[in-house]
Amino acid sequence: TKIFEVRSLSYTYPDGRQALRGVNLEVFSGEAVAIIGPNGAGKSTLLLALAGLIPVEGEVLYKGRHLNGLKDPRRLEIGILFQDPDTQLFSLTVYEDVAFGPRQMGFSEEEVHRRVKEALEKVGLSGFEERSPHHLSFGERRRVALATVLSMQPDVLLLDEPTSNLDPRARKQFLELMKGLRLTRIVATHDLELAYETADRVVVLYQGKVVACGRPSDVILNE
Ligand code: ADP
Ligand code: ADP
């Protein structure tokens with residue numbers, strides 16, 4: 001089934017800068033799509049549009065319907081990992097941060113507990129429950145931020161430059177983590193190895209337009 005259908009999507013920032021120019025895109029259930037392109041190509045803006053966080057020209061359909069503004073309950077089905085993990089961490093312990101989403105969704109403490117354990121296991125941070133997020137490494141904070149999204153069990157995951165600012169070891173760890181995720185996802189990145197290794201399909205954005213799209217081996221030269 002189709003998760004996202006984007007037609008003639010354009011977006012201009014209030015200062016007049018046009019970030020997206022007539023983007024068409026379809027994403028199917030179970031797919032891992034990488035959006036690649038240089039800085040300023042419009043990748044982050046495209047993710048914001050998919051998440052329904054900015055009003056756009058053209059159409060963004062999520063499971064066949066428009067998201068109905070910020071109050072649409074289906075928005076909870078769309079998880080986003082922002083580029084800066086610190087925008088998603090605000091509690092005193094890792095446990096509280098990862099528990100926050102499912103608690104807001106009204107799950108029992110027992111279910112919240114189960115989800116926290118499962119999410120931390122997925123990101124390789126079992127045992128970090130009582131640690132303070134602010135005393136963890138950047139790579140660990142990014143994985144906690146991902147766990148805060150996974151604990152809500154989204155139907156689709158949007159990730160903005162998830163390997164940026166990671167040292168080589170943390171980056172490898174994140175690549176492996178991504179390979180193990182069974183979740184429809186769209187990752188905006190200029191990390192070509194991440195795209196090549198973890199995506200089924202690559203979409204190349206350039207100056208707000210889709211200029212190429214295809215299997216990683218067809219779009220990216222693997223030297
Ligand atoms: P990418 O994620 O590919 O680096 P962005 O989506 O961040 O690209 O940016 C696309 C274009 O929109 C760029 O020209 C950028 O300068 C501009 N832009 C991004 N954010 C803003 C903003 N908040 N206000 C004005 N222009 C912006
Ligand atoms: P309760 O009030 O029953 O504890 P909440 O859903 O309000 O349930 O909060 C769950 C946990 O998330 C609490 O431990 C709380 O400390 C933390 N929390 C809730 N809202 C915020 C917030 N805005 N900033 C930081 N932590 C929060």
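Modeller: Start with the surface. Leu53, Leu70 and Phe82 form a nonpolar patch there, with about 270 Å² of accessible area together. This is a predicted model, where local features need pLDDT of at least 70, side-chain atom pairs count only at pLDDT 80 or more, and totals for chains, interfaces and linings use all residues. Residues are numbered from 1 along each chain as its sequence is written, chains are lettered from A and ligands numbered from 1 in the order in which they are written, and side-chain values use heavy atoms, with hydrogens and water left out.

Biologist: Why is Phe82 called partly exposed?

Modeller: Buried means under 20% relative accessible area, exposed over 50%, partly exposed in between (1.4 Å probe, protein chains only). Phe82 has 32%, so it counts as partly exposed. Phe82 lies in the loop between strand S6 (78–81) and helix H2 (94–104). Helices (H or I, at least four residues) and strands (E, at least two) are DSSP runs, numbered from the N terminus.

Biologist: Why does Thr184 count as buried?

Modeller: Its relative accessibility is 6%, so Thr184 is buried. Thr184 lies in strand S8 (residues 184–188). Its side chain reaches the backbone nitrogen of Gly30 at 2.7 Å.

Biologist: And what makes Val33 buried?

Modeller: Val33 has 1% relative accessibility, therefore it counts as buried. Val33 sits in strand S3 (residues 32–36).

Biologist: Why is Arg114 called partly exposed?

Modeller: Arg114 has a relative accessible area of 41%, so it is partly exposed. Arg114 belongs to helix H3 (residues 109–122).

Biologist: Which residues are around ligand 2?

Modeller: Phe90, Glu96, Phe100, Arg103 and Gln104. The test is a heavy atom within 4 Å of the molecule. The protein covers 37% of the 530 Å² of accessible area that ligand 2 has on its own.

Biologist: What polar side-chain atoms lie by an oxygen atom of ligand 2?

Modeller: One of Glu96 lies 2.5 Å from a ligand 2 oxygen. One of Gln104 lies 3.0 Å from an oxygen of ligand 2.

Terms used. Patches are made of residues with over 30% relative accessible area and no salt bridge: like charges are joined within 9 Å, nonpolar side chains (Val, Leu, Ile, Met, Phe, Trp, Tyr) within 5 Å. Accessible areas come from the Shrake-Rupley method with a 1.4 Å probe; for residues, only the protein chains shown count as cover. A salt bridge is a side-chain nitrogen of Lys or Arg within 4 Å of a carboxyl oxygen of Asp or Glu. A polar contact is a pair of N or O atoms within 3.5 Å; within protein, one must be able to donate a hydrogen and the other to accept it, and residues adjacent in sequence count only if both atoms are side-chain atoms.
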